[in-house]
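Biologist: I am new to this structure and would like a close look at a single part of it. Please take the place where the two chains meet.

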Amino acid sequence: MSEKLLSVENLTMKFGGLIAIDDLSFSAMKDQITSIIGPNGAGKTTVFNCLTGFYKASSGSMFLNKDNKTLDLKKFSDFKVAQKAGVARTFQNIRLFPQMSVLENMMVAQHNKLMAASGFSLLGLINAPSFLRKEKEAKEISKYWLDIINLTNRADDNAGDLPYGDQRKLEIVRAMCIEPYLLCLDEPAAGLNAKESAELNKLLKFIQKEKKTGILLIEHDMSVVMGISDHVVVLNYGKKIFEGTAQETKKSPEVIEAYLGTEE
Amino acid sequence: MDKNFLQSSLKDSLFTGLIALALFGPIVGLRTVAVNEALVVQPKWLVVALIVAFCAIGRFFINIYSFKKEQRRGEPSSLGKAISNFLDTKGSQIALGAIIFSVIFPFMPFADRYWMDIAIMMMTYIMLGWGLNIVIGLAGLLDLGYVAFYAVGAYSYALFAIHFGWSFWICLPLAGLFAGMFGILLGFPVLRLRGDYLAIVTLAFGEMIRILLLNWYTLTKGPDGLTGIPRPSFFGLPFKRYPDEGVETFHTFFGLEYSPMQRIIFLYYLILVLALITNFFTIKIRRLPVGRAWEALREDEIACKSLGVNPRNTKLTAFAVGAMFGGFAGSFFATRQAFISPESFTFIESAIIVAIVVLGGMGSQTGVVLSTIFLIGLIEVFRDFESYRMVAFGGAMVLIMIFRPKGILAKRKPTITMVKEK
Ligand SMILES: Nc1ncnc2c1ncn2[C@@H]1O[C@H](COP(=O)(O)OP(=O)(O)O)[C@@H](O)[C@H]1O
Ligand SMILES: [Mg+2]
């Protein structure tokens, strides 16, 4: 049994009268892929927005276990969740920097360490060797990830010019550049064809196994969910209606009624 | 040319004529005149008809010759493409050529007082354009109050120089520092604003600074302005025909004949050096992490946050660095004029600088130079037709937007590349 990475306790998020998340508790393990599934509007993206500091949860708590320390994620505001707590995310509608090159996208993701190395730009302005070394390292890290998703040959093209499937993959490896402990992916397989979907599975498996990064996955595509999830949390109208392994989820009558039944 | 296209062009120009009629009909066509102490409407339909015909026919020709079908979606025209291809491939040679030309310019046979003054003015606008390019072109923050930092630089330079008697090279960095601080001061309240809202608040900030300068009489002498700002000296050697007793001047030191052009040429080189510093600094910082973060922020602020980039610090540095260069340019302005008043820092200055940046192609350093030469040159050519200057200015902007909708130079070069260049 691996250790607990994330625990969400009694999380509630209200928008005026609408309760988008209702008293939700679940946990995610280190080195596991945990999927959050549920019909449209169930509150999945809202969970991510609370976790990553884009929304302030109405009540409840979220803890991240990082190097034997427990961090209260509620204490971090938006960019600090990525910078200080090591939680990275992607977006349901891809958010790349479209007019910047693929490589530049990867470099921006390594901003904080490069900024420190550039001595708040002073060392960078004089081309200090220590900065140039760091910059070269960052470029190599970018190349490492681009090699994995077969995009190295397009590194100098604008990210916005890539085909859709490549943009999805680029957004994921860009998030990996911040060396996260927890990677939150919002519907990464949406709009991918079968081949791209299979490549995505491989990439996620690689991140989980080789990088020892916990993955929290929102997904609609059942083949993706069932193929790679270690653990599944099912939401409906902001409430958790089931939690278990992929196999158990498939068989659960509540889930079939609320979700799978209506889909197929 | 196929019939459909001709037809749609014709339709479009008729529509333009209608708009012109609706606009000019009441404004130009109906004129009130006083007859026997009563106001009478005097219609001027012939003038209106001429204007409407001009608009419609003009639009028709623009349609036919510029909006060729394949270009309707904002594709650059073939001439523009050829020019920007040329600039892209020969970029560094052109830049080097331009720098060499600027260096030898004062010794050209035609470079008399008039030409030197224009060159200095253009150089000042180029420097301001490059400074504002950091804020608008790179960080994507539409700042309509940039002239405020120019003013802060000019006034702080003047006050330091007048009251403490410090030399140019001490006052210049101080003025830049002051302007940079004002940049941060403006940055804080507008951190959450974007686009139009940001533009309005920065515009108001520019006016606030001007009104402050106008009313803080004890410090700024209000509308009277500050006089007696020390002229620059050549490393301690003043440019004076009749120096004070025992003081060496520029021309005696170098054993030259005195000429007022010496000071002008010195001022020219001063602004050239300041502008080039701005340029090389921007080119360099764009390739540093902070520069990339500026551009990333322009592209997508939410994505930046998700990657741990601090948007507050990033925006504030953009405002501060941009303002600092505005302040440097302001110092130069103060020492060149020897007299400054709030009148020199009106909104129209901000508007011209923004136009230079936007028309040049957001973020393009060469574009700033080209659009400055074009716009300021145009204003200069129309100097004798005072009332038509702004019409020409506006017309020029419309033309650029028609032929190069993304600015004169729209192509952006990546700040770091995987494949070694060339
Ligand atoms: N910023 C917001 N303001 C108001 N309502 C919101 C906001 N964000 C999400 N919601 C609502 O919360 C519910 C859950 O949305 P979301 O989390 O996006 O669902 P999904 O499971 O499809 O990702 C929806 O009813 C949505 O309208
Ligand atoms: Mg969603």
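How many salt bridges are there between chain A and chain B?

Modeller: This is a predicted model, and the count between chain A and chain B is four salt bridges. One of them joins Glu135(A) to Arg292(B), with 3.7 Å between the closest N and O atoms.

In total, 39 residues of chain A are in contact with 29 residues of chain B. The size of an interface is often given as the accessible area lost when the parts come together. Here chain A and chain B bury about 3100 Å² between them, and carbon and sulfur atoms account for 68% of that area.

One of these helices also leads back into chain A. Helix α7 (residues 164–176) of chain A packs on a sheet, where it touches β6 and β7 (182–186). The direction of α7(A) makes about 160° with that of β7(A). The sheet is open and has six strands in the order β6-β7-β8-β3-β9-β10 of chain A, with mixed pairing. Its edge strands are β6 (87–89) and β10 (239–244) of chain A, each of which pairs on one side only.

Technical notes: Residues numbered from 1 in each chain as written. Chains lettered and ligands numbered in written order. Predicted model: local features only at pLDDT ≥ 70, side-chain atom pairs only at ≥ 80, totals over all residues. Heavy atoms only, no water. Pairing = 2+ DSSP bridges. Helix = DSSP H or I, 4+ residues; strand = E, 2+ residues; numbered from the N terminus. Contact = heavy atoms within 4.5 Å. Axes fitted to C-alpha atoms, helices over the stretch in contact; angles between N-to-C directions. Buried area = accessible area lost by both parts, 1.4 Å probe. Salt bridge = Lys/Arg side-chain N within 4 Å of Asp/Glu carboxyl O.
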